[in-house]
Amino acid sequence: MAHVLAVANQKGGVAKTTSVASLGAALSELGRRVLLVDLDPQACLTFSLGLDPDTLELSVHDVLLGRLSAGIVITRTSDGMDLLPATIELAGCEAVLLSRTGREHALRLALAEVIDAYDFVLVDCPPSLGVLTINGLTAAAEVIVPLQCETLSHRGVGQLLDTVHDVQRLTNPGLGVRGVLPTLFDGRTAHCRAVLADVSARYDIAVLTPPIARSVRFAEAPGTGRSILSTARRSKGAEAYRAHARAIAEAVGAGPHDVEPHDVDPHNVDPRSTEPRNAEPVGAEPLEPVPLEAAPLEAVRGGQVPVGVNGARG
């Protein structure tokens, strides 16, 4: 049975979609069978992986409402993962689900018929704490919280963890929190470092390393319909996601040699390299989640750490 990971944060713009696409591609490189689920009505994951949401006739919306089985809607992507795509119709799905009994379990039940065909399922939750996000958390074994290291994103972590605790109590007692994944990270700024350390101390939550550094390569990748592991495969961002994928795969209990790699797809080879895209990643060692030392955010608010434009030291 697949290990289901939800990637959630109710604040938008914190690289949820980028993390799902990149982790999915990295796990696929390791030979894992991966399904990505786009639960965001904005359909950014669907678009980022080369599909046009405006032209899709079938989507996860139909699956959640019980109109179609997941197997009919799932489609293959160029990076080797399968995708349960979204369209703008998903925005209306939440209102329909609200009137249904067991609405929190719609995704879990929909995935039941295909879950044995995969090693990992990654769910891209919308930037909200509504029914769709609850569905993602109810279906998941673990949740990863992408965190842009700034004050507003920090504030949202506590709200999300409150929701996670409700889900653990009411709909999914087995849900675990894998940790906070620092994204859009700039270690040169005192504000970034203070926010990240305070999250670890305040919420007693693991901070997953290495942090994902801010890079224009992430912004460029969606325009090609591929992940950064294909468009900039030797970049620091790509290697960081490979490291996280290896840690996740090993934590679940199967090393990279326990599953045979997929056959190499000739359309799935980086045009700038003769190395197939699902070759063993270079320079990525498994890294376990580790907490950072506490450095209270109040130091920032109290003016002890002067903060200038965009968080730079003033």
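Helix axes are here lines fitted to C-alpha atoms over the stretch in contact, and the angle between two of them runs from 0 to 180 degrees between N-to-C directions. Two packed helices are described by the angle between their axes and the distance between the axes. The model under discussion is predicted.

In these terms, helix 5, spanning residues 90-98, packs against helix 7, residues 131-139, at an angle of about 80°, and the two axes are 9 Å apart. Helix 5 is therefore roughly perpendicular to helix 7, because angles of 65 to 115 degrees fall into that class. On the side of helix 5, the residues that meet the partner are Leu-90, Glu-94, Leu-97 and Leu-98; helix 7 contributes Val-131, Leu-132 and Asn-135. Sorted by class, this contact between helix 5 and helix 7 comprises 5 nonpolar, 1 polar and 1 charged residues.

Helix 7 also packs against helix 8, which covers residues 151-170; their axes come within 10 Å and cross at roughly 55°. This angle makes helix 7 oblique to helix 8, and the crossing of helix 7 and helix 8 is right-handed. From helix 7, Ile-134, Leu-137 and Thr-138 take part in the contact, while helix 8 supplies Thr-163, Val-164 and Val-167. The classes represented where helix 7 touches helix 8 are 4 nonpolar and 2 polar residues, with no charged residues.

These helices belong to a chain that has 13 helices and 7 strands. Of the 314 residues in the chain, 55% are buried. Its accessible surface comes to about 13,400 Å², and carbon and sulfur atoms account for 53% of that area.

Is Ser-227 buried or exposed? The relative accessible area of Ser-227 is 3%, and because buried means under 20%, Ser-227 counts as buried. Apart from neighbours within four places in sequence, Ser-227 is in contact with Ala-21, Ala-25, Asp-79 and Ala-221.

Note on methods: Residues are numbered from 1 along each chain as its sequence is written. This is a predicted model: local features need pLDDT of at least 70, side-chain atom pairs count only at pLDDT 80 or more; totals for chains, interfaces and linings use all residues. Side-chain values use heavy atoms; hydrogens and water are left out. Helices (H or I, at least four residues) and strands (E, at least two) are DSSP runs, numbered from the N terminus. Angles under 35 degrees count as roughly parallel, over 145 as roughly antiparallel, 65 to 115 as roughly perpendicular and the rest as oblique. Contact means heavy atoms within 4.5 Å. Ala, Val, Leu, Ile, Met, Phe, Trp, Tyr, Cys and Pro count as nonpolar, Asp, Glu, Lys and Arg as charged, and the others, Gly among them, as polar. A crossing is left-handed if the near helix is turned anticlockwise from the far one by less than a right angle, and right-handed if clockwise. Buried means under 20% relative accessible area, exposed over 50%, partly exposed in between (1.4 Å probe, protein chains only). Accessible areas come from the Shrake-Rupley method with a 1.4 Å probe; for residues, only the protein chains shown count as cover.
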